[in-house]
Amino acid sequence: MSTSLRHRLRGPAVACLAASCALLLAACGSEQKETTTTSARIAPAQTTATGGPTATGSASASPSGSASPRLTDDQAERQRLVPATKVTWDKAVQTAVATVPQGKLVETELAWAPPNATASGSATASASASPSEGAGARTPAWHTSVATADGTLHDVWVDGVSGKVISDRPDADQDAEDKQELADRLKRTTVTPEQAVQTATQDDKGTVTAVELDDDAWSVDVVDTSSWDKTTYEVSTTERRVLRQEVDRD
(Lines give C-alpha, C1' and ligand atoms only; values in the text may rest on other atoms or scores of the structure.)
Protein backbone atom coordinates (compact mmCIF):
# COMPACT_ATOMS: atom_id res chain seq x y z
CA MET A 1 0.00 0.00 0.00
CA SER A 2 1.25 3.39 -0.92
CA THR A 3 2.14 5.99 1.61
CA SER A 4 -0.53 8.38 0.36
CA LEU A 5 -3.24 5.74 0.76
CA ARG A 6 -2.23 5.02 4.37
CA HIS A 7 -2.43 8.72 5.15
CA ARG A 8 -5.88 8.89 3.59
CA LEU A 9 -7.16 5.94 5.66
CA ARG A 10 -5.54 7.03 8.94
CA GLY A 11 -7.07 10.48 8.75
CA PRO A 12 -10.71 9.28 9.02
CA ALA A 13 -9.80 6.71 11.70
CA VAL A 14 -8.18 9.34 13.85
CA ALA A 15 -11.20 11.54 13.37
CA CYS A 16 -13.53 8.71 14.43
CA LEU A 17 -11.39 7.95 17.44
CA ALA A 18 -11.38 11.59 18.48
CA ALA A 19 -15.14 11.77 18.06
CA SER A 20 -15.59 8.65 20.20
CA CYS A 21 -13.39 10.07 22.94
CA ALA A 22 -15.34 13.29 22.86
CA LEU A 23 -18.65 11.43 23.22
CA LEU A 24 -17.23 9.35 26.08
CA LEU A 25 -15.98 12.42 27.90
CA ALA A 26 -19.32 14.12 27.41
CA ALA A 27 -21.15 11.10 28.80
CA CYS A 28 -18.84 10.94 31.81
CA GLY A 29 -19.26 14.64 32.44
CA SER A 30 -23.04 14.29 32.26
CA GLU A 31 -22.98 11.35 34.68
CA GLN A 32 -20.70 13.26 37.05
CA LYS A 33 -23.01 16.28 36.85
CA GLU A 34 -26.05 14.11 37.54
CA THR A 35 -24.27 12.48 40.49
CA THR A 36 -23.29 15.87 41.86
CA THR A 37 -26.85 17.16 41.50
CA THR A 38 -28.27 14.11 43.24
CA SER A 39 -25.77 14.41 46.06
CA ALA A 40 -26.66 18.04 46.47
CA ARG A 41 -30.34 17.09 46.85
CA ILE A 42 -29.61 14.42 49.48
CA ALA A 43 -27.09 16.35 51.55
CA PRO A 44 -29.52 18.82 53.25
CA ALA A 45 -31.81 15.99 54.39
CA GLN A 46 -28.83 14.10 55.83
CA THR A 47 -27.63 17.22 57.64
CA THR A 48 -31.07 17.80 59.16
CA ALA A 49 -31.28 14.24 60.37
CA THR A 50 -27.84 14.48 61.95
CA GLY A 51 -28.23 17.96 63.43
CA GLY A 52 -31.63 17.33 65.02
CA PRO A 53 -34.92 15.49 64.59
CA THR A 54 -37.00 16.31 61.55
CA ALA A 55 -40.68 17.09 61.94
CA THR A 56 -41.52 13.51 61.05
CA GLY A 57 -39.00 12.12 63.53
CA SER A 58 -40.29 14.37 66.27
CA ALA A 59 -43.89 13.32 65.71
CA SER A 60 -43.04 9.64 65.83
CA ALA A 61 -40.79 9.87 68.88
CA SER A 62 -42.11 7.85 71.81
CA PRO A 63 -42.63 9.68 75.15
CA SER A 64 -39.96 9.10 77.80
CA GLY A 65 -41.37 7.60 81.00
CA SER A 66 -44.97 7.44 82.13
CA ALA A 67 -46.90 10.34 83.62
CA SER A 68 -47.31 10.47 87.39
CA PRO A 69 -50.80 9.62 88.65
CA ARG A 70 -52.90 12.72 89.23
CA LEU A 71 -53.71 13.45 92.88
CA THR A 72 -57.13 14.56 94.07
CA ASP A 73 -57.45 17.87 95.90
CA ASP A 74 -57.52 16.12 99.29
CA GLN A 75 -54.51 13.94 98.45
CA ALA A 76 -52.56 16.97 97.25
CA GLU A 77 -53.44 18.80 100.48
CA ARG A 78 -52.15 15.87 102.56
CA GLN A 79 -48.99 15.83 100.44
CA ARG A 80 -48.37 19.47 101.36
CA LEU A 81 -49.43 19.30 105.01
CA VAL A 82 -47.93 16.06 106.33
CA PRO A 83 -44.26 16.58 105.28
CA ALA A 84 -44.37 20.17 106.61
CA THR A 85 -45.26 18.89 110.10
CA LYS A 86 -42.35 18.15 112.44
CA VAL A 87 -44.27 17.47 115.67
CA THR A 88 -46.04 14.09 115.94
CA TRP A 89 -49.59 13.78 117.19
CA ASP A 90 -48.61 12.35 120.59
CA LYS A 91 -46.10 15.12 121.33
CA ALA A 92 -48.68 17.73 120.40
CA VAL A 93 -51.29 16.06 122.63
CA GLN A 94 -48.91 15.96 125.58
CA THR A 95 -48.35 19.69 125.20
CA ALA A 96 -52.05 20.48 124.78
CA VAL A 97 -53.20 18.33 127.72
CA ALA A 98 -50.56 19.90 129.97
CA THR A 99 -52.17 23.32 129.47
CA VAL A 100 -55.49 22.18 131.01
CA PRO A 101 -55.63 21.05 134.66
CA GLN A 102 -56.52 17.33 134.80
CA GLY A 103 -57.13 17.51 131.08
CA LYS A 104 -58.00 14.55 128.88
CA LEU A 105 -57.82 14.34 125.11
CA VAL A 106 -61.10 14.45 123.22
CA GLU A 107 -59.85 15.23 119.73
CA THR A 108 -56.76 16.31 117.80
CA GLU A 109 -56.45 16.93 114.08
CA LEU A 110 -53.63 18.13 111.85
CA ALA A 111 -54.54 21.29 109.93
CA TRP A 112 -53.16 24.62 108.82
CA ALA A 113 -53.02 27.15 111.64
CA PRO A 114 -55.59 29.90 111.09
CA PRO A 115 -54.34 33.49 110.92
CA ASN A 116 -56.23 34.37 114.13
CA ALA A 117 -54.63 31.57 116.17
CA THR A 118 -52.53 33.82 118.42
CA ALA A 119 -51.58 33.81 122.06
CA SER A 120 -54.02 36.56 122.98
CA GLY A 121 -56.54 35.43 125.56
CA SER A 122 -54.38 32.52 126.71
CA ALA A 123 -52.65 32.76 130.05
CA THR A 124 -50.78 29.48 129.53
CA ALA A 125 -49.51 30.11 126.03
CA SER A 126 -45.91 31.07 125.45
CA ALA A 127 -45.31 34.80 125.22
CA SER A 128 -43.78 34.32 121.76
CA ALA A 129 -46.38 31.84 120.62
CA SER A 130 -47.54 32.45 117.08
CA PRO A 131 -47.57 30.27 113.96
CA SER A 132 -43.97 29.36 113.06
CA GLU A 133 -42.37 31.80 110.66
CA GLY A 134 -39.93 29.08 109.64
CA ALA A 135 -42.75 27.05 108.09
CA GLY A 136 -43.58 29.77 105.58
CA ALA A 137 -46.85 31.61 105.06
CA ARG A 138 -48.86 28.58 106.16
CA THR A 139 -48.00 26.77 109.36
CA PRO A 140 -49.12 23.22 110.17
CA ALA A 141 -50.73 22.90 113.60
CA TRP A 142 -52.57 20.38 115.76
CA HIS A 143 -56.08 21.57 116.56
CA THR A 144 -56.83 19.85 119.87
CA SER A 145 -59.85 19.63 122.16
CA VAL A 146 -59.02 18.89 125.80
CA ALA A 147 -61.66 18.35 128.51
CA THR A 148 -61.48 18.87 132.25
CA ALA A 149 -62.99 16.36 134.69
CA ASP A 150 -66.40 18.10 134.56
CA GLY A 151 -66.48 17.97 130.76
CA THR A 152 -65.48 21.56 130.04
CA LEU A 153 -63.72 21.73 126.69
CA HIS A 154 -60.65 23.80 125.87
CA ASP A 155 -59.72 24.62 122.28
CA VAL A 156 -55.93 24.35 122.01
CA TRP A 157 -53.74 24.97 118.97
CA VAL A 158 -50.21 23.51 119.00
CA ASP A 159 -47.65 24.56 116.41
CA GLY A 160 -46.76 21.61 114.19
CA VAL A 161 -43.18 22.84 113.70
CA SER A 162 -42.07 24.31 117.04
CA GLY A 163 -44.38 22.28 119.30
CA LYS A 164 -45.41 25.41 121.23
CA VAL A 165 -48.96 26.30 122.22
CA ILE A 166 -50.37 28.90 119.86
CA SER A 167 -53.65 29.45 121.69
CA ASP A 168 -55.81 27.98 124.49
CA ARG A 169 -59.43 29.04 124.89
CA PRO A 170 -62.47 27.53 126.62
CA ASP A 171 -65.21 26.32 124.27
CA ALA A 172 -67.98 28.92 124.54
CA ASP A 173 -70.59 26.76 122.78
CA GLN A 174 -71.01 24.14 125.53
CA ASP A 175 -74.00 24.05 127.85
CA ALA A 176 -74.38 22.10 131.09
CA GLU A 177 -75.90 19.09 129.32
CA ASP A 178 -73.03 18.92 126.83
CA LYS A 179 -70.49 19.02 129.62
CA GLN A 180 -72.19 16.24 131.57
CA GLU A 181 -72.50 14.02 128.50
CA LEU A 182 -68.82 14.45 127.71
CA ALA A 183 -67.77 13.81 131.32
CA ASP A 184 -69.78 10.56 131.35
CA ARG A 185 -68.25 9.44 128.04
CA LEU A 186 -64.73 10.03 129.35
CA LYS A 187 -65.51 7.96 132.45
CA ARG A 188 -66.71 5.04 130.30
CA THR A 189 -63.58 5.14 128.14
CA THR A 190 -60.92 2.72 129.37
CA VAL A 191 -58.74 2.57 126.25
CA THR A 192 -56.35 5.50 126.11
CA PRO A 193 -55.80 7.43 122.86
CA GLU A 194 -52.24 6.07 122.74
CA GLN A 195 -53.54 2.50 122.97
CA ALA A 196 -56.13 3.22 120.28
CA VAL A 197 -53.45 4.51 117.92
CA GLN A 198 -51.21 1.52 118.64
CA THR A 199 -54.11 -0.79 117.78
CA ALA A 200 -54.94 1.10 114.59
CA THR A 201 -51.35 1.23 113.34
CA GLN A 202 -50.19 -2.28 114.20
CA ASP A 203 -50.53 -3.23 110.51
CA ASP A 204 -50.47 0.27 109.06
CA LYS A 205 -47.27 2.27 109.53
CA GLY A 206 -48.57 5.50 107.99
CA THR A 207 -48.70 8.94 109.58
CA VAL A 208 -51.41 9.65 112.17
CA THR A 209 -53.22 12.89 111.33
CA ALA A 210 -56.28 12.76 113.62
CA VAL A 211 -57.54 11.07 116.79
CA GLU A 212 -61.10 11.65 118.01
CA LEU A 213 -63.27 10.23 120.79
CA ASP A 214 -66.72 9.26 119.49
CA ASP A 215 -69.61 7.62 121.38
CA ASP A 216 -68.24 4.08 121.38
CA ALA A 217 -64.91 4.30 119.55
CA TRP A 218 -61.71 6.18 119.03
CA SER A 219 -61.51 7.36 115.41
CA VAL A 220 -57.91 7.31 114.12
CA ASP A 221 -56.88 8.73 110.72
CA VAL A 222 -53.71 7.30 109.15
CA VAL A 223 -52.24 8.71 105.92
CA ASP A 224 -50.24 6.54 103.52
CA THR A 225 -47.40 8.79 102.36
CA SER A 226 -46.80 6.75 99.20
CA SER A 227 -50.32 7.20 97.79
CA TRP A 228 -51.65 9.96 100.10
CA ASP A 229 -54.77 7.91 100.77
CA LYS A 230 -56.28 8.15 104.26
CA THR A 231 -57.55 5.20 106.26
CA THR A 232 -59.89 5.79 109.21
CA TYR A 233 -59.86 3.14 111.94
CA GLU A 234 -62.51 2.94 114.64
CA VAL A 235 -61.13 1.33 117.79
CA SER A 236 -63.35 0.32 120.71
CA THR A 237 -63.15 2.60 123.75
CA THR A 238 -63.33 -0.38 126.12
CA GLU A 239 -61.09 -2.94 124.40
CA ARG A 240 -58.18 -2.74 122.05
CA ARG A 241 -60.00 -3.95 118.97
CA VAL A 242 -60.65 -2.42 115.53
CA LEU A 243 -64.39 -2.21 114.98
CA ARG A 244 -64.41 -0.71 111.49
CA GLN A 245 -62.07 0.79 108.94
CA GLU A 246 -62.54 2.81 105.78
CA VAL A 247 -60.10 3.94 103.09
CA ASP A 248 -60.50 7.41 101.63
CA ARG A 249 -58.91 7.57 98.16
CA ASP A 250 -60.38 10.96 97.30
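A residue counts as exposed when its relative accessible area is over 50%, as buried when that area is under 20%, and as partly exposed in between. Those cut-offs sort the residues of this predicted model. Take Gln 102. With a relative accessible area of 67%, Gln 102 is over the 50% mark, so it is exposed. Gln 102 sits in the loop between α4 and β1. Its backbone has a further feature: phi is near 55 degrees, a positive value in a residue other than glycine.

Now step back to the whole chain. The protein chain has 6 helices and 8 strands. Their order along the sequence is α-α-α-α-β-β-β-β-α-α-β-β-β-β. The chain holds 250 residues, and 33% of them count as buried. Its accessible surface comes to about 15400 Å². Carbon and sulfur atoms own 53% of that surface. Among contacts with a separation of 6 or more, 58% join residues 24 or more positions apart.

Start the tour at helix α4, which spans residues 89–98. Four names matter here: Trp 89, Ala 92, Val 93 and Ala 96 are buried in α4. Seen down the helix axis, the buried residues fall within an arc of 100 degrees, so they line one face of α4. What lies over them? The cover includes the strands β1 (104–112), β2 (140–147), β3 (153–159) and β5, along with helix α6.

Follow that cover to β5. This strand is mostly covered, with 5 of its 7 residues buried. β5 pairs with β1 in the antiparallel sense, over 3 bridges. One of the bridge pairs sets Glu 107 against Glu 212 of β5. β5 also pairs with β6, which covers residues 217–223. Here 6 bridges join the two strands, and they run antiparallel. Val 208 has Val 222 of β6 as its bridge partner. Together β5 and β6 form a hairpin, with 3 residues between the strands.

Val 208 is the residue bridged to Val 222. What does Val 220 touch, not counting residues up to four places away in sequence? Val 220 touches Ala 196, Val 197, Ala 200, Val 208, Ala 210, Thr 231, Thr 232 and Tyr 233.

Thr 201 lies in the loop between α6 (193–200) and β5 (207–213). Is Thr 201 buried or exposed? Its relative accessibility is 15%, so Thr 201 counts as buried. The Thr 201 side chain reaches the backbone oxygen of Val 197 at 2.7 Å. Beyond its neighbours within four places in sequence, Thr 201 is in contact with Val 208 and Val 222. Val 208 and Val 222 are themselves bridge partners.

Trp 228 is in the loop between β6 and β7 (230–236). At 9% relative accessibility, Trp 228 counts as buried. Its phi is near 65 degrees, again a positive value in a residue other than glycine. Trp 228 is also in contact with Leu 71.

Leu 71 belongs to another stretch of the chain, the loop between α2 (55–60) and α3 (73–84). A relative accessible area of 29% makes Leu 71 partly exposed. Leu 71 and Ser 227 are 156 residues apart in sequence. In space they are 8.6 Å apart, C-alpha to C-alpha. Leaving aside neighbours within four places in sequence, Leu 71 is in contact with Ala 76, Gln 79, Ser 227 and Trp 228.

The last stop is Ser 236, in strand β7. At 6% relative accessibility, Ser 236 counts as buried. A polar atom of its side chain lies 3.2 Å from the backbone nitrogen of Thr 238. Ser 236 is also in contact with Val 191, Asp 216, Ala 217, Trp 218, Arg 241 and Leu 243, leaving aside its neighbours within four places in sequence.

Notes. Residues numbered from 1 in each chain as written. Predicted model: local features only at pLDDT ≥ 70, side-chain atom pairs only at ≥ 80, totals over all residues. Heavy atoms only, no water. Buried < 20%, exposed > 50% of the residue type's maximum accessible area, 1.4 Å probe, protein only. Polar contact = N/O pair within 3.5 Å; in protein donor to acceptor, adjacent residues only side chain to side chain. Contact = heavy atoms within 4.5 Å. Areas by Shrake-Rupley, 256 points an atom, 1.4 Å probe, with all protein chains shown as cover. Arc of directions from axis to C-beta. Pairing = 2+ DSSP bridges.
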